[in-house]
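Please look over the sequence and the structure shown here before reading on.

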Amino acid sequence: MRGTFFLKPLELNLELAGESWPQGDQINGELSIKAHGEADLSKIGIHLCEVNIKKFKAKDEAAFKVIETFETSGEQTSFSFKLAENCLITEKATSLYVICGDIETPFECGHLQLDILPNKNILSFIEIFENFLKFKFKPLKNKTGMIQAKITPPDIKDWTSIQAMNLGMSCVDNKLSLDFAFKVKKMSYEGGAVETKEVKINNKVEFKPKDYILFESTLNQDFITGELNKVLDEVRFKPVI
């Protein structure tokens, strides 16, 4: 990934090694500066930032939150940023950017939006959830310290009680943390009358690496589907007998 930016009298050439990166990966790059006239390079830096896309489009400087800064060293600087294991993924509301220039005037800088993917274990977990249990994930979003997904259950009787289902996911040190939030329709017998009411059910689960990882890049499908079924049993439709 690369970009060329003209900040008179400077020409900045920013190059990153790669086109996309999973959470926790390292981003390596190089910034080359050409001065077409006298210029002060002391304020030129390379910045890894969290960016609010809506505020960015509105030219609001509050859009930027600097995570890490790398100072330039002359006309050519090599740099690297280590991504956090629960960093933002790229989605329509928020994203990570690499920005070069004077961060005090961010809209006069060069910007490269990064394509950050979920942790590979999270992607494999989603694949198991979809393929084996037939639940469908809507586009992923960022939540504080987690990735959040709205999930649609399969159209079968077992799941007719589920009105809404959200799942927060994070994977740090290979510990897979899952935060389930359900809205379900349940039968109520209050006052001697039978009626339905909406109930919120939350369930937090953590999988340790030794339990759910068979090999470095292979997850234990039987273990994961078994544990998911334990969670889902709480919201599974149970006919009144």
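## Overall form

This is a predicted model, and its protein chain holds four helices and 18 strands. The radius of gyration of the protein chain is 23 Å, well over the 18 Å that the globule rule gives for 241 residues, so the chain is more spread out than a compact globule. Taken along the principal axes, the box filled by the C-alpha atoms is roughly 85 × 45 × 25 Å.

Of the 241 residues in the protein chain, 42% are buried, while the chain as a whole exposes about 13700 Å², with carbon and sulfur atoms supplying 49% of that area.

Strands of a sheet pair through backbone hydrogen bonds, in either a parallel or an antiparallel way. An open sheet in this model consists of four strands in the order 1-2-4-7, and their pairing is antiparallel. At its edges are strand 1 (2–7) and strand 7 (76–82), each of which pairs on one side only. On average, and with direction ignored, neighbouring strands of this sheet are turned by 20° against each other.

Within the sheet, strand 2 (residues 10–16) runs antiparallel to strand 4 (residues 26–35), and the two pair over seven bridges. L10 stands opposite A35 in strand 4.

## Aromatic pairs around F107

The count of aromatic pairs comes to 13. In one of them, the ring centres of F56 and F107 are 5.8 Å apart and the planes stand at 35°, so this pair is tilted. Because F56 lies in helix 1 (residues 53–57) and F107 in the loop between strand 8 (94–101) and strand 9 (110–113), the pair ties together parts that are 51 residues apart in sequence. F56 is buried, with a relative accessible area of 19%, whereas F107 is partly exposed, with a value of 22%.

F107 also forms an aromatic pair with F64, and this one is edge-to-face, with 5.2 Å from centre to centre and 70° between the planes. Here too distant parts of the chain are linked, since F64 is in strand 6 (residues 64–71) and F107 is in the loop between strand 8 and strand 9, 43 residues apart. F64 is buried, at a relative accessible area of 13%.

## An aromatic cluster

One aromatic cluster is formed by F125, F129, F135, F137 and W159.

Terms used
Residues are numbered from 1 along each chain as its sequence is written. This is a predicted model: local features need pLDDT of at least 70, side-chain atom pairs count only at pLDDT 80 or more; totals for chains, interfaces and linings use all residues. Side-chain values use heavy atoms; hydrogens and water are left out. Rings of Phe, Tyr and Trp (its six-membered ring) pair if their centres lie within 6.5 Å; planes under 30 degrees apart count as stacked, over 60 as edge-to-face and the rest as tilted. Buried means under 20% relative accessible area, exposed over 50%, partly exposed in between (1.4 Å probe, protein chains only). Two strands pair if DSSP finds at least two bridges between them. Axes are lines fitted to C-alpha atoms, for helices over the stretch in contact, and angles run from 0 to 180 degrees between N-to-C directions. The radius of gyration is taken over C-alpha atoms; the globule rule is 2.2 Å times the number of residues to the power 0.38. Accessible areas come from the Shrake-Rupley method with a 1.4 Å probe; for residues, only the protein chains shown count as cover.
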